[in-house]
Amino acid sequence: MKGSVSILIGSKRHQVIDFLFQESQDPMIIMCPNNKWNEFNNAAKKLFGQDMISGVIDMLDKTSQQIWFDFLDEVILKTTASCQLIVRHLTQREPITTKVSGYFDAQLKEVIIYFKIQPSQITTNIYYADFFKHAKNGLILSDLSGTIIDINHQVEDYFSLKKEHVIGLPVMQINMFFKDSTREIESFYQALKAYQSAEMILRRIEKNSSEKYYHFKTSYNELNKMYLTVIQDYSELMNLRKQANHVDSLSTLGQLAASIAHEIRNPMTSLKGFTQLLNQTVTEDGKRYIQVIEDELNRMDEILNEFLVLSKPTNRTKQYVCITSLLNQVIQFMQPQAIMYSTIIHFEQSENKENFILGDSYELKKVFINIFKNAIEEMPNGGIISITQSLTNDNKIKISISDDGKGMSQEQIHQVFMPFYTTKPNGTGLGLSHAIQTIENHGGYIEIESELQIGTTLNLFLPLYHIKNNPSKNVIDSFSLNANN
């Protein structure tokens with residue numbers, strides 16, 4: 001109603017009507033047929049979940065719609081009228097039967113409509129409507145043929161959908177967002193057909209290349225003759241599981257490292273000694289073979305050293321490290337190898353002088369050397385390695401390292417930090433495992449952006465520290481941490 005009844009008339013009688021209208025526990029609507037406006041009281045808004053007559057009419061079947069229009073004609077003609085309607089809500093168990101009474105005020109040209117519903121029916125309707133509308137998880141209602149009857153706002157948010165665009169479509173339309181999970185979806189529907197209940201977890205790659213995981217659980221409701229699908233965002237849970245698996249693998253790696261070091265280092269020392277003795281007595285051809293053996297022994301030693309780095313505790317004290325200076329040192333060290341591969345290293349230095357972190361420069365140098373080495377080897381015919389440095393809004397230093405290499409698939413991106421995973425014939429698969437462990441030990445994290453035949457970008461994030469606000473010695477002493485912490 002545009003303005004209250006009391007403003008329109010100003011009489012005490014209509015002030016009382018206005019009060020009763022607003023305070024009534026039963027649904028009431030005031031309509032002005034000529035001006036096409038209406039007002040719902042709070043009880044009516046809760047019952048119908050809206051304040052539009054057109055929406056209420058949509059909840060009626062064809063028979064009840066005709067009864068409604070006949071009722072309006074009768075109440076205007078005879079001043080009072082009544083009827084009985086059946087209101088069907090998509091989110092409730094049973095249709096609501098309501099008695100409708102109407103009074104036409106000829107002076108105001110208004111129809112006051114009163115709905116009388118059994119209390120149990122009102123409670124049931126409000127409960128299911130509110131549950132469906134405000135549920136934190138995605139909800140889909142579908143009929144026996146698998147046609148979507150309704151979805152809630154969470155499903156719209158999850159998949160960027162509009163309710164009006166999917167109602168009436170097969171529920172499998174939602175599964176089109178998971179084209180890489182055909183086998184899981186087929187097994188899901190087979191179980192649903194057999195047991196009337198099924199669940200699955202599907203992975204989806206978003207447009208920004210991030211991973212999202214959704215848990216689907218569908219059950220058949222015998223009372224409503226409908227299927228209810230509950231969709232939960234499992235992304236955070238799955239990421240935690242991955243981190244736990246990563247920690248477990250590194251822990252296992254550490255336990256293996258101690259025994260491997262003992263079992264391999266001793267025979268290697270003996271072999272190196274014997275090759276040196278043989279080198280003094282063999283022919284020139286024999287010396288070439290011995291050189292091959294020594295080279296392979298040295299390679300085994302390098303692999304073992306990389307392996308031990310992942311688990312061996314160090315007691316270095318963390319100091320303030322200037323990232324710009326550290327990157328320049330690593331670039332200078334890697335220039336000879338870059339020149340050999342016809343690679344240009346371009347470093348766009350940040351003008352912001354706040355680029356200090358609290359960390360272990362030795363370990364960080366190894367991280368950047370490994371990343372630069374990988375980037376150079378990804379471009380055997382030459383290319384450009386671009387390095388940028390910036391500050392994020394959450395007080396972190398972001399170092400981006402990009403190459404023009406062959407790039408990685410989504411599957412490779414998900415495995416690249418796992419120990420021993422490598423795409424190189426002679427690679428150890430330990431360089432990036434060491435990198436992510438070191439960065440995480442410094443309170444940071446790594447993100448990867450990659451596209452096949454385009455290249456790869458590694459974004460490293462490390463916490464920024466402000467030297468000017470802290471006395472150097474005290475702060476360094478207070479952060480004298482074991483590098484594994």
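**Salt bridges and an open sheet in a predicted model**

A salt bridge (a side-chain nitrogen of Lys or Arg within 4 Å of a carboxyl oxygen of Asp or Glu) joins the side chains of Asp150 and Lys163, with an N to O distance of 3.3 Å. The structure is a predicted model, in which local features need pLDDT of at least 70 and side-chain atom pairs count only at pLDDT 80 or more, while totals for chains, interfaces and linings use all residues. Residues are numbered from 1 along each chain as its sequence is written, and side-chain values use heavy atoms, with hydrogens and water left out.

Asp150 and Lys163 link distant parts of the chain: Asp150 belongs to strand 7 (residues 148–151) and Lys163 to helix 8 (residues 163–166), 13 residues apart. Helices (H or I, at least four residues) and strands (E, at least two) are DSSP runs, numbered from the N terminus. Asp150 is buried, at 7% relative accessibility, whereas Lys163 is partly exposed, at 31%; buried means under 20% relative accessible area, exposed over 50%, and partly exposed in between (1.4 Å probe, protein chains only).

In total, the structure holds ten salt bridges. Among them is the pair Glu284 and Lys287, with 3.8 Å from N to O. These two residues lie three residues apart in helix 11 (residues 284–309) and are therefore separated by about one helical turn. Glu284 is exposed, at 55%, and Lys287 is partly exposed, at 32%. Helix 11 also contains Arg288 and Asp285, again three residues apart, whose closest N and O atoms are 2.1 Å apart in a salt bridge.

An open sheet of five strands shows mixed pairing and the order 12-14-15-17-16. Strand 12 (343–348) and strand 16 (445–451) stand at the edges, each with a single partner strand, so one side of each lacks a neighbour in the sheet. Strands of a sheet pair through backbone hydrogen bonds, either parallel or antiparallel. Strand 16 pairs with strand 17 (residues 455–463) in the antiparallel sense over seven bridges; two strands pair if DSSP finds at least two bridges between them. Asn459 in strand 17 is the bridge partner of Glu447. Helix 12 (residues 323–340) packs on the sheet and touches strand 12, strand 14 (383–391), strand 15 (396–403) and strand 17, where contact means heavy atoms within 4.5 Å.

Strand 16 has a covered face formed by Ile446, Ile448 and Ser450, and an uncovered face formed by Tyr445, Glu447, Glu449 and Glu451. The hairpin of strand 16 and strand 17 has three residues between the strands, and Gln453 there takes a positive phi near 65°.

Definitions and conventions. Axes fitted to C-alpha atoms, helices over the stretch in contact; angles between N-to-C directions.
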